[in-house]
Amino acid sequence: QRVLGPDVVRWYRLCFVVVAVITLLPVAAATALLPDRRLYTVPSPWRWAMIVGQVGALAALAVSVRQAGLMHFIGLAQLTAPDPARTGALQVRGFYRFVRHPLYLFSILLIWLTPVMTQNLATLFACMTLYFIVGSYHEEALLLADLIAGSHIRSVVINTEHEALDRGLTRELADALEAPCHSLGDLRAETLYRTVKRELQG
């Protein structure tokens with residue numbers, strides 16, 4: 001945003017989806033082409049039970065995407081919305097009543113219910129599961145921040161990361177909170193009190 005301006009937020013989700021698809025292609029190719037060995041094959045009738053479970057997980061995934069908003073999910077709604085940060089409201093209906101991240105949950109069920117497992121597939125699925133788990137914490141923080149902002153609670157975010165290690169996560173959280181973000185330089189004793197007081201009263 002500092003380089004390209006605030007409107008770049010509109011393109012973030014769509015670019016993320018496009019980059020995710022592109023970067024997954026070589027991973028899928030490596031999984032298919034690298035030397036592999038079979039770990040197990042689930043016999044019938046359990047094989048068919050797992051396939052039925054996969055069909056159910058896929059259907060639940062489709063319903064979850066629809067509940068979250070398909071256009072928001074792929075990043076198209078943000079391109080024309082007056083406020084791109086508000087196209088994906090906090091969902092409390094459907095599967096979202098029972099689990100915070102049904103997309104991750106049903107994706108994990110879908111991949112691990114595969115009845116024929118190979119070494120490459122198991123490695124890929126383990127990495128995907130780790131990504132879903134770690135990503136859920138990041139997404140949960142943003143959802144909570146969005147809820148706080150929607151409740152009109154004033155906030156101040158202090159970025160305590162060193163500049164060399166700063167990946168922009170604090171700024172992203174501040175944007176979700178609709179709050180100002182201050183750096184370590186603002187933590188000097190002579191300015192901290194005045195800065196926090198000014199932001200909370202402003």
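Helices (H or I, at least four residues) and strands (E, at least two) are DSSP runs, numbered from the N terminus.

The model is predicted, so local features need pLDDT of at least 70 and side-chain atom pairs count only at pLDDT 80 or more, while totals for chains, interfaces and linings use all residues. Residues are numbered from 1 along each chain as its sequence is written, and side-chain values use heavy atoms, with hydrogens and water left out.

The table sets out the two helices; the expected span is 1.5 Å times one less than the number of residues.

| Helix | Range | Number of residues | First to last C-alpha | Expected span |
|---|---|---|---|---|
| α2 | residues 46–68 | 23 residues | 32 Å | 33 Å |
| α6 | residues 119–150 | 32 residues | 46 Å | 46 Å |

In α6, the buried residues (under 20% relative accessible area, with a 1.4 Å probe and protein chains only) include Phe125, Phe132, Leu143 and Asp146. The buried residues of α6 pack against α1 (9–33), β1 (38–41), α5, β2 (116–118) and α7 (169–177).

Helix α5 also packs with α2. Two packed helices are described by the angle between their axes and the distance between the axes. For α2 and α5 (residues 102–112), the angle is about 160 degrees and the axes are 8 Å apart. Axes are lines fitted to C-alpha atoms, for helices over the stretch in contact, and angles run from 0 to 180 degrees between N-to-C directions. This angle makes α2 roughly antiparallel to α5, a term for angles over 145 degrees. The crossing of α2 past α5 is left-handed, that is, the near helix is turned anticlockwise from the far one by less than a right angle.

Contact (heavy atoms within 4.5 Å) involves, among others, Met50, Leu61 and Ser64 of α2 and Leu103, Phe106 and Trp112 of α5. By class, the contact of α2 with α5 has 12 nonpolar, three polar and no charged residues; nonpolar covers Ala, Val, Leu, Ile, Met, Phe, Trp, Tyr, Cys and Pro, charged covers Asp, Glu, Lys and Arg, and polar covers the others, Gly among them.

Buried residues of α2 include Met50, Ala57, Ser64 and Ala68, and their cover includes α3 (70–74) and α5. Ser64 has a relative accessible area of 0% and is therefore buried. Beyond residues up to four places away in sequence, Ser64 touches Phe95, Tyr96, Pro102, Leu103 and Phe106.

Terms used: Angles under 35 degrees count as roughly parallel, over 145 as roughly antiparallel, 65 to 115 as roughly perpendicular and the rest as oblique. Buried means under 20% relative accessible area, exposed over 50%, partly exposed in between (1.4 Å probe, protein chains only).
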